[in-house]
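Here is a short report for a reader who is new to this structure. It starts with contacts along the chain and ends with a few single residues.

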Amino acid sequence: MTAPIPREIPDLPPVPGVPVLMPSHVPASAVMAPAHRPLVATYRLLIALAAAAAIAVEVALGSPTRVLSHFAVQSNILLAVVLALSARRAFSARRALPAGVTGAALLYVAIGGFVFHMLLADASTPYTMTSDADLHTVWQSVAEQVLCTATPIAAALDWLLLTTPGRMRLRQASTWLLYPMAYLAFSFTRGELIDPGTPGRYLYPFLDVDLHGYKSVLANSLLLGLAFYALAVLLVAVDHTRPGPLRGRGKTGFRL
């Protein structure tokens with residue numbers, strides 16, 4: 001038989017100290033609905049349209065297959081898609097796209113602009129392509145400047161002034177490099193499929209295996225990869241130190 005249940009249960013001794021909730025920060029976006037921002041949506045849509053128009057000019061005046069194989073063109077296609085989606089979300093008061101997506105699009109157009117201005121458009125470098133630029137029409141030159149100069153700057157301004165800071169993560173920096181690595185493999189594969197001696201077999205002089213050999217090209221790719229990773233880390237660092245959109249940083253969450 002079991003012992004009878006007592007009519008009264010004695011009180012438990014009090015727990016010493018007063019329980020205190022640990023402080024935590026909840027982002028404002030978790031408790032506040034995103035705002036309707038038509039001007040931001042218009043700005044992003046204009047950038048997307050400018051990138052799309054420049055790509056259309058390049059395709060119409062050049063070889064579509066060759067044009068669409070360029071890194072700057074591919075990165076601008078991604079940027080146009082991302083900004084068009086971001087414009088729709090800003091206009092319809094929906095939550096922003098993940099920072100990993102928008103950060104990748106920004107990094108890739110920044111890489112395209114960096115390579116163009118530091119290596120290809122500089123006549124003093126051994127990898128310059130200024131002689132090829134002389135063969136371009138006026139419209140091709142304008143489209144090239146839009147893709148390699150205007151859209152990277154416009155995308156950077158959108159990120160700096162119109163997006164919430166502190167959303168990027170350092171672990172994303174290495175993930176973002178998967179596409180440049182895939183593009184390197186694509187460049188080598190494309191070169192092997194084209195007959196040796198064919199003009200434009202390799203799209204960029206620093207990736208030209210016929211001129212420099214695989215050893216030099218891989219060394220160039222390693223140096224550029226390290227520079228791209230440093231640029232990605234810099235984006236993450238700036239993202240966590242820059243102020244909020246068009247105002248002082250302040251506190252962006254509620255303390256519980």
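## Contacts and overall make-up

Residues 24 or more positions apart supply 74% of the protein's contacts with a separation of 6 or more; a contact means heavy atoms within 4.5 Å. The model is a predicted one: local features need pLDDT of at least 70, side-chain atom pairs count only at pLDDT 80 or more, and totals for chains, interfaces and linings use all residues. Numbering starts from 1 along each chain as its sequence is written, and side-chain values use heavy atoms, with hydrogens and water left out.

The protein has 10 helices and two strands. These are DSSP runs numbered from the N terminus: helices are H or I with at least four residues, strands are E with at least two. The order from the N terminus is β-α-α-α-α-α-α-α-α-α-α-β.

## Surface and burial

Of the 256 residues, 36% count as buried. Buried means under 20% relative accessible area, exposed means over 50%, and partly exposed lies in between (1.4 Å probe, protein chains only). The protein exposes about 15,800 Å², by the Shrake-Rupley method with a 1.4 Å probe, where for residues only the protein chains shown count as cover. Carbon and sulfur atoms supply 70% of that area.

## The nonpolar cores

In soluble globular proteins, nonpolar side chains tend to be buried together. A nonpolar core here is a set of buried Ala, Val, Leu, Ile, Met, Phe, Trp, Tyr and Cys residues joined through side-chain atoms within 4.5 Å. Which residues touch the most other members of the largest core? They are Trp 176, Tyr 204 and Phe 206, in a set of 47 residues. Elements giving two or more residues to this core include helix 2 (38-61), helix 4 (71-91), helix 7 (138-162) and helix 10 (209-239). Helix 5 gives the largest share, 12 residues.

On a 1 Å grid over the protein atoms alone, a pocket is an open set of points with protein on both sides within 12 Å along at least five of seven lines; lining residues have an atom within 4 Å of a point. Of its 40 lining residues, the closest to the centre are His 70, Phe 71, Leu 120, Leu 203 and Tyr 204.

By class, the lining has 26 nonpolar, 10 polar and four charged residues. Ala, Val, Leu, Ile, Met, Phe, Trp, Tyr, Cys and Pro count as nonpolar, Asp, Glu, Lys and Arg as charged, and the others, Gly among them, as polar.

## Around helix 4

His 36 is found in the loop between helix 1 (28-31) and helix 2. His 36 is partly exposed, at 45% relative accessible area. Beyond its neighbours within four places in sequence, His 36 contacts Ala 90, Phe 91, Ser 92 and Ala 93.

Ala 93 sits in the loop between helix 4 and helix 5. Its phi is near 60°, a positive value in a residue other than glycine. Most residues other than glycine have a negative phi. Ser 86 lies in helix 4 and is buried, at 8%.

How values were computed. On a 1 Å grid over the protein atoms alone, a cavity is a set of points where a 1.4 Å probe fits but cannot get out, and a pocket is an open set with protein on both sides within 12 Å along at least five of seven lines; lining residues have an atom within 4 Å of a point.
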